[in-house]
Every structure is written in structure tokens, then in C-alpha cells.
Amino acid sequence: MISKKERTRESILDTAYELFARDGFNKITMKDICEATGMSRGGLYSHFGSTRELFEAILEKINQKDEMNFQKEIEDGMAATDILDRALALMRNEMEHSEDSLSLAMYEYSGTCSNDRMNYFNRIGEKKWSDLIEYGIVRGEFNTVNVKEIVNVILYAYQGVRMWSRIVSMTPEVFDSITNHIRKQLIKEQ
């Protein structure tokens, strides 16, 4: 059972996520978060000591999302193509909804705080995708590809579109072309 303190913490993280996605990292203050959550400064500070600490907790929560953690599906022997299709559908949905993207906030955070944290999360993303691709190759479902190369395409095309979609208008064809390209590179033709 989740405690009241944990529920409050999750509520703060969810509200702060929306603020950071809308305005970036540099514009958001603890006062903004207090106003958005309806909490007193003391109440908020009992959970998080700074916007940096709060943002890092959001990044950690995102990193632990089950949707992009392929390890359980791999351990369960799920088809690599099914795992990939689910992941690409999630990526496409996220690319299409730039208003939910933390890309700008992550960029600002890494420039004003530390990019060590971003490098850490990037390495985790590289590992997750590498594991999935290697799993698909071993199972004979994926083409034998340069794993590092395709992981770079996946991660940086995805993040690039998330960032650019905040700046320029993008059509669904852009999102489809990226996910279709990744799929074509990996999945063996029947």
C-alpha cells in the first residue's frame, strides 16, 4: 500500500513534469511548483530541496518506466518483433505529443547543472536498446546490424524529433518515417 507521503511525492513529480515540459528547466522555480501543487514551501521542501533535485527525480522516474524496460519481456521470451513494435508505437506517440516532452528542460538542465546525469541516463537507454537488438538478432527475428549504429539512430532521431517538434510543426508522416525506417532496418523480411 502506498503511503500518503509517497502519494504526495508522486503528485509533486507529476505536476512538476507538466511545468518543466511546458516551460523548460530554467524558468521553473520552487515557488512555481508550490503554486501549481497548492503546497506550502515547507511542505514542498520536505520532499525536494531544489528544482534540480526534483527534476532529477523526474528523470529517474522516467528511466524506470516499464514501457521502455525490455528486460522483463526478454526474460519472458516475448518475440523481439512484438517488443520492438510496442516500443516504436510508444516512441511515435511521444514524438507526436511535443507538449509532453522534457527535451527542452533536459537540454537546459544539462547546460546549467551537469550533463553527468544525462550521460548516465543515455548509457542506460543505449544498454536497453542494445540488449533488445542483440536479443532479436540471436532469435533470428532481426537482421544482423551494427548494434551501436542502429541504437544511435533510434535514440538520437527520437530525441531530435522530440526537441524539434517543440520548435517547428511536424506532420504524422515524419513520425511514421522514423519508426518505419527503424523497423525496416531491424526486422527480417518474411
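The model is predicted. The whole structure holds 12 salt bridges. Those described here include pairs made by Arg-86, Arg-92 and Glu-94.

**Glu-94 and Arg-162**
- Beyond neighbours within four places in sequence, Glu-94 contacts Lys-65, Tyr-158 and Arg-162.
- With Arg-162, the side chain of Glu-94 forms a salt bridge at 3.5 Å, N to O.
- This pair links helix α6 to helix α9 (residues 147-164), across 68 residues of sequence.
- Arg-162 is buried, as is Glu-94.

**Arg-92 and Asp-176**
- Arg-92 and Asp-176 join their side chains in a salt bridge, 2.5 Å from N to O.
- Arg-92 belongs to helix α6 and Asp-176 to helix α10 (residues 172-186), so the bridge ties together parts 84 residues apart in sequence.
- Arg-92 is buried at 19% relative accessible area, whereas Asp-176 is partly exposed at 29%.

**Arg-86 and Glu-73**
- Arg-86 forms a salt bridge with Glu-73, with the closest N and O atoms 2.9 Å apart.
- Arg-86 is in helix α6 and Glu-73 in helix α5 (residues 71-75), so the pair ties together parts 13 residues apart in sequence.
- Glu-73 is buried, at 15% relative accessibility.
- Arg-86 is partly exposed, with a relative accessible area of 28%.

**A salt-bridge network**
- Glu-10, Asp-14 and Lys-61 are linked in a network of salt bridges.

Technical notes. Residues are numbered from 1 along each chain as its sequence is written. This is a predicted model: local features need pLDDT of at least 70, side-chain atom pairs count only at pLDDT 80 or more; totals for chains, interfaces and linings use all residues. Side-chain values use heavy atoms; hydrogens and water are left out. Contact means heavy atoms within 4.5 Å. A salt bridge is a side-chain nitrogen of Lys or Arg within 4 Å of a carboxyl oxygen of Asp or Glu. Helices (H or I, at least four residues) and strands (E, at least two) are DSSP runs, numbered from the N terminus. Buried means under 20% relative accessible area, exposed over 50%, partly exposed in between (1.4 Å probe, protein chains only).
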